[in-house]
Amino acid sequence: MFKVTVIGSGLIGSSWAIAFANAGYDVHIYDRDDTSFANSERYIRQELASLNTSANADEVIQRIKYTASLAEALNGAGYVQESIFETLEAKQEIFSAMDSLVDDDVILASSSSSIPCSAFSEALSHRAQCLIAHPVNPPHLIPLVEMVPAPWTDPNVTEKATALMNDIGQTPVVVSKEIEGFILNRLQGALLNEAWWLYQEGYASVDVIDKCISDGLSHRWAFMGPFQTISHNAPGGLVDYAERFRGFNFGIAQSRSNPTKWDLNAAKNAAAEVDALEKEMGLKDAVAWRNDMLRSFKQWKSNGSES
């Protein structure tokens, strides 16, 4: 096993560290703000203590080191997972800095959720070693990772990075070509845009819209995707479904031909409704509740795939 470097000690970086260290890799977490290290270690210990499949938390913690020196973090690394701010300027700055420090066999991956790799790697001397490895938050509990190479990424780099994700128990999917937002966030964005519009226009409350997903669509989407879902929703399968409902869905798409940005006043109202719902649920820490539910679901899905 080689050393893995995580760039950024926030929630995504810390979660990645859990995924790699729990699989046996030595991990160095770099952050130029070393005051964040205590929060990172506290979060990692908390999460490791809750993972039924985790080795002894202290043993895993011992595989994780912190440093405010980028050169030290990259020294001897075979794979780098950048997880800093989601701005083009931040990505350009850190990848340029790494480009001057790494050799020709280090994989440089970004957790970017929307910015294509080509936007910040084109001018790098090691650009063939760069790609996107976009996780779902938090990656130590949700396995999907979008592997999105730039046009100049070496295919062997994509293959090796994908193999590493498989090795640590993630579910890597390779996106054939670059597009802003990749696949997962474009799908999520389409649903969110419709949810926002329905709420802003007064068709339903936050609770009603959320329940249509949590107690409706998610029951199927938890184990099958949209194409597989519709293939079972018409007697003749997917083509039959397309023939029956393509006009209906085209009409829905046309009904909102002039999209607008989400209204921030509506966002404040929605936030108040979410807060009220979580208070009614008795949640003191909604993120901890989410992670507990994700752990239970991960175990359930793992058991289902093994049966």
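These legends describe close-up views of a predicted model.

Residues are numbered from 1 along each chain as its sequence is written, and side-chain values use heavy atoms, without hydrogens or water. Local features need pLDDT of at least 70 and side-chain atom pairs count only at pLDDT 80 or more, while totals for chains, interfaces and linings use all residues.

**View 1. A nonpolar patch on the surface.**
Ile179, Ile183 and Leu187 make up this patch. Together they have about 260 Å² of accessible area (Shrake-Rupley method, 1.4 Å probe; for residues, only the protein chains shown count as cover). Patch residues have over 30% relative accessible area and no salt bridge; nonpolar side chains (Val, Leu, Ile, Met, Phe, Trp, Tyr) are joined within 5 Å, like charges within 9 Å. A salt bridge puts a side-chain nitrogen of Lys or Arg within 4 Å of a carboxyl oxygen of Asp or Glu. Ile179 sits in the loop between strand S8 (171-174) and helix H8 (184-200). Helices (H or I, at least four residues) and strands (E, at least two) are DSSP runs, numbered from the N terminus. Ile179 counts as partly exposed because its relative accessibility is 34%. Buried means under 20% relative accessible area, exposed over 50%, and partly exposed in between (1.4 Å probe, protein chains only).

**View 2. Phe182 in the loop between S8 and H8.**
Phi of Phe182 is near 60 degrees. That is a positive value in a residue other than glycine. Phe182 has 0% relative accessibility, so it counts as buried.

**View 3. A cis peptide bond from Asn137 to Pro138.**
Omega is near -5 degrees here. Pro138 belongs to the loop between strand S6 (130-135) and strand S7 (144-149).

**View 4. The second largest pocket.**
Its space is about 380 Å³. Sixteen residues line this pocket; Gly8, Asp31, Arg32, Ile84 and Phe85 are the closest to its centre. A pocket is an open set of points on a 1 Å grid over the protein atoms alone, with protein on both sides within 12 Å along at least five of seven lines; a cavity is a set where a 1.4 Å probe fits but cannot get out; lining residues have an atom within 4 Å of a point. Grid points are joined across faces, edges and corners, and a volume is the space filled by probe spheres set on the points. Helix H5 (residues 88-99) gives the largest share of the lining, four residues.

**View 5. The largest cavity.**
About 50 Å³ of space lies inside. Its lining consists of Asn193, Trp196, Trp197, Gln200, Arg256, Thr260, Lys261 and Trp262.
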